[in-house]
Amino acid sequence: MSSKVTAGGRRPPRTGRSGTRRSGLGRLGPLPWIGPAVLLIVVVVLWPVYEMVRTSFLKISVSGFVRGWAGLDKYRQLFDEPGLGSVITATVVWTVGVVALTMVLSLALAQLFDQRFPGRRVTRWALIAPWAASVLMTAIGFKWMLDRTAGVLNTVMTDLGIIDTPRDWLGDPATAWPWMMFVAVFVSLPFTTYTLLAGLQTVPGEVYEAARVDGAGVWQTYRRITLPLLRPAFLVGVVINLINVFNSFPVIWGMTRGGPDSDTATTTVFMYQLKSSDIGESAAMSVVNFALVVVMVAAFLKVSRWNQEEV
Amino acid sequence: MAQQTIQPSPGAPDALPPDGRRPAGTVRPRRAPRPRTVVVTAVAWLIAAVFLLPYVQMVITALRPAGELRDATYLPTEFAWSNFIDVWRESNLGSNLRVTLLVAGGSTLLVLLVAIPAAYYTARVKYRGRKLFLLLVLVTQMFQPTSLLVGLYREFHQLDMLNSVWTLVLCNAAFNLAFAIWILTAYFSAIPVQLEEAAMIDGLGRGGALLRVTLPLALPGVVTAVIFTFIAAWNEFVMGLTLSTVPESQPLTVGINSFIGNYTVQWNYLFAASVIAIVPVVVLFAFIERHVVSGLTAGSVK
């Protein structure tokens with residue numbers, strides 16, 4: 001990778017100038033350095049985007065045979081789906097609810113695990129478990145724990161007298177939604193908490209010292225000092241969670257497969273359900289899906305005035 | 001860091017200053033913990049238990065004999081360790097594990113090869129198109145594989161690359177690239193340019209300076225990128241489900257998902273397989289817990 005090294009292995013020392021200009025790589029400009037990354041992104045990310053948008057305007061048979069252009073037919077077909085309205089509403093409630101709960105709980109968890117106490121390492125390690133285990137397996141684990149006859153959560157709740165008889169929590173959308181949101185929060189907490197823990201590390205200790213000298217109370221210190229200084233980490237957490245939770249497929253797929261029908265589906269799961277019946281309509285759903293993510297993230301960034309703060 | 005705190009003279013380590021207070025940074029003698037610490041400890045351990053319970057339950061289920069699977073009991077009367085052997089013998093778990101290892105290992109390697117030069121150059125040189133490149137990376141972060149499934153499937157179908165380990169390597173690498181570039185750019189930016197300039201004056205090219213000087217200093221960042229990519233690729237489900245349709249080329253997550261049949265679910269086998277899939281990653285994560293915070297710290301400070 002280095003420029004030609006002569007027999008002696010050393011070149012005469014050059015003064016004042018960095019070697020970039022004259023070395024072979026320097027002359028080619030940024031291409032050898034960022035070229036491979038750009039290529040990978042173009043082939044695996046941008047090409048599918050193009051392919052997806054194109055597919056949404058095509059007539060394609062179930063076996064994958066292209067039968068010409070469909071124009072906006074697939075979009076019309078999608079918007080005529082009777083379930084679409086409730087799926088979109090559910091998606092918004094799901095995303096906002098899960099992200100909000102995750103952020104509030106993570107703030108508390110980060111504060112707790114930032115303290116010094118015996119066993120901090122072990123307990124932090126336990127906190128990481130849902131992150132290390134695949135989301136799908138965690139979701140399937142909860143599906144099993146909520147099983148009507150053999151689920152341990154049903155057993156615990158009947159033993160504690162919370163419910164009289166075991167219930168089929170995931171069979172009814174009214175109870176399936178809260179449980180799936182619980183699982184989505186559960187798997188989002190580790191990353192978010194760790195992002196906030198990392199943010200807490202960047203707060204210099206002297207700031208707290210100064211606050212104490214000035215006689216600030218615990219709550220006042222937290223609100224006036226910790227929270228504002230946590231802002232960058234908090235924003236990173238919200239944006240990444242918005243994107244992840246909105247697209248969260250394994251939680252819902254592992255627990256209910258979006259069913260019965262599309263009663264527990266978000267737009268992402270709905271898109272997957274459509275894929276087996278009509279790939280063009282599914283592509284149209286994907287395009288709408290992506291537009292929704294962009295709108296949500298942009299709306300959040302606007303509200304939090306991301307740009308002004310130069311995060 | 002407390003390394004520079006003034007220490008008592010080595011001869012008399014326990015001599016306290018006249019007012020009885022120890023200088024900051026020295027070890028305090030053991031005394032009864034404050035009530036606050038007790039509460040914090042109790043709550044933290046309780047939360048840790050809640051976070052582990054689902055996985056403990058998975059292990060218990062994995063060890064249930066087939067006859068006691070659907071009993072509403074907390075523990076089976078005996079543990080059927082043979083479940084692990086049965087599931088290994090009677091399913092595709094071996095080839096699933098091989099695919100997952102290849103995909104996770106291959107995509108991690110590819111991410112490093114591609115992200116290190118890009119992040120290094122972006123951190124060091126103000127080239128034309130730098131803003132555009134950073135925008136491209138940010139956009140990649142917004143595109144999740146889930147939202148692109150149809151496009152990905154159509155593309156690799158046309159390329160006749162479905163059911164290939166290499167397709168999964170490429171895809172996992174591409175979707176984890178943004179995060180790696182982000183973390184590594186932050187690390188490289190924090191390393192003083194003067195160190196490299198000195199190396200280049202001594203006759204190393206930019207590439208040599210990167211390999212011999214900067215990279216070793218940015219090792220924590222590289223470790224963070226490696227771990228994040230490896231774990232994300234190890235746990236990836238959606239692309240594997242879509243791009244691999246035959247059992248032999250499917251990763252572990254997809255293989256395990258297929259235990260959920262249309263009518264029956266072999267829960268004990270399913271969780272035995274899950275435990276096999278989860279344990280290596282949990283152990284890996286336990287080793288690098290410290291790096292996670294420092295890696296994310298660098299990322300959020302920029």
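Which way does H3(B) pass H6(B), in a right-handed or a left-handed crossing? Hold that thought for a second while I say what we have on the screen. This is a predicted model, with a chain A and a chain B in contact with each other.

Okay, back to the helix pair. The crossing of H3(B) over H6(B) is right-handed. H3 of chain B covers residues 93-124, and its axis comes within 6 Å of the axis of H6(B), at an angle of roughly 35 degrees. If you sort the residues in that contact by class, you get 21 nonpolar, seven polar and one charged.

The largest nonpolar core in the model has 165 residues, and the ones with the most contacts inside it are B:Ala115, B:Ala174, B:Leu177, B:Ile181 and B:Leu184. H6(B) supplies the largest share of this core, with 18 residues. So what does B:Ala115 touch, once you leave aside its neighbours within four places in sequence? In chain B, the partners are B:Leu177, B:Ala180, B:Ile181, B:Leu184 and B:Ala225, and from the other chain there is A:Ala37.

Now look at helix H5 of chain B, residues 149-158. Why do I call this helix largely enclosed by the rest of the structure? Because eight of its 10 residues are buried. For anyone clicking along, the buried ones are B:Leu149, B:Val150, B:Gly151, B:Leu152, B:Tyr153, B:Arg154, B:Glu155 and B:Phe156. Note that B:Arg154 and B:Glu155 are on that list too.

And what covers those buried residues? Both chains take part: the cover includes H2 (31-55), H12 (267-277) and H13 (279-303) from chain A, along with H6 (165-190) and H10 (238-243) from chain B.

Stay at the end of H5(B) for a moment, for a bit of backbone. Just after the helix, B:Asp160 has a positive phi of about 55 degrees. B:Asn163 is not a glycine either, and its phi is positive, near 60 degrees. It counts as partly exposed, with 15 C-beta neighbours inside 10 Å.

You'll find A:Arg257 in the loop between H11 (250-255) and H12 of chain A. A:Arg257 is partly exposed, having 14 other C-beta atoms within 10 Å.

Let's zoom out to the interface. On the chain A side, H2(A) gives the most, with 15 residues. By class, that side of chain A divides into 53 nonpolar, 27 polar and seven charged residues. And remember that H2 of chain A also turned up in the cover over H5(B).

Next, the chains one at a time. Chain A has 14 helices and two strands, while chain B has 13 helices and zero strands. Of the 311 residues in chain A, 41% are buried; for the 302 residues of chain B, the figure is 45%. Then there's how far along the sequence the contacts reach. Taking contacts between residues at least 6 apart in sequence, those that join residues at least 24 apart make up 65% in chain A and 74% in chain B.

Last topic, domains. Chain A is divided into domain 1 (24-55) and domain 2 (76-309), and their C-alpha centres lie 32 Å apart. For chain B, the assignment gives domain 1 (37-80) and domain 2 (92-301), with 32 Å between the C-alpha centres there. How many residues of domain 1 of chain B are in contact with domain 2 of chain B? Eight, and they meet seven residues of domain 2. On the domain 1 side of that contact, six residues are nonpolar, one is polar and one is charged.

Technical notes:
Residues numbered from 1 in each chain as written. Chains lettered and ligands numbered in written order. Predicted model: local features only at pLDDT ≥ 70, side-chain atom pairs only at ≥ 80, totals over all residues. Buried ≥ 20, exposed ≤ 12 C-beta atoms within 10 Å, placed from the backbone. Helix = DSSP H or I, 4+ residues; strand = E, 2+ residues; numbered from the N terminus. Contact = placed C-beta atoms within 7 Å. Core = buried A, V, L, I, M, F, W, Y, C linked by C-beta atoms within 7 Å. Domains from an automatic or database assignment. Nonpolar A, V, L, I, M, F, W, Y, C, P; charged D, E, K, R; others polar. Axes fitted to C-alpha atoms, helices over the stretch in contact; angles between N-to-C directions. Left-handed = near helix turned anticlockwise from the far one by under 90°.
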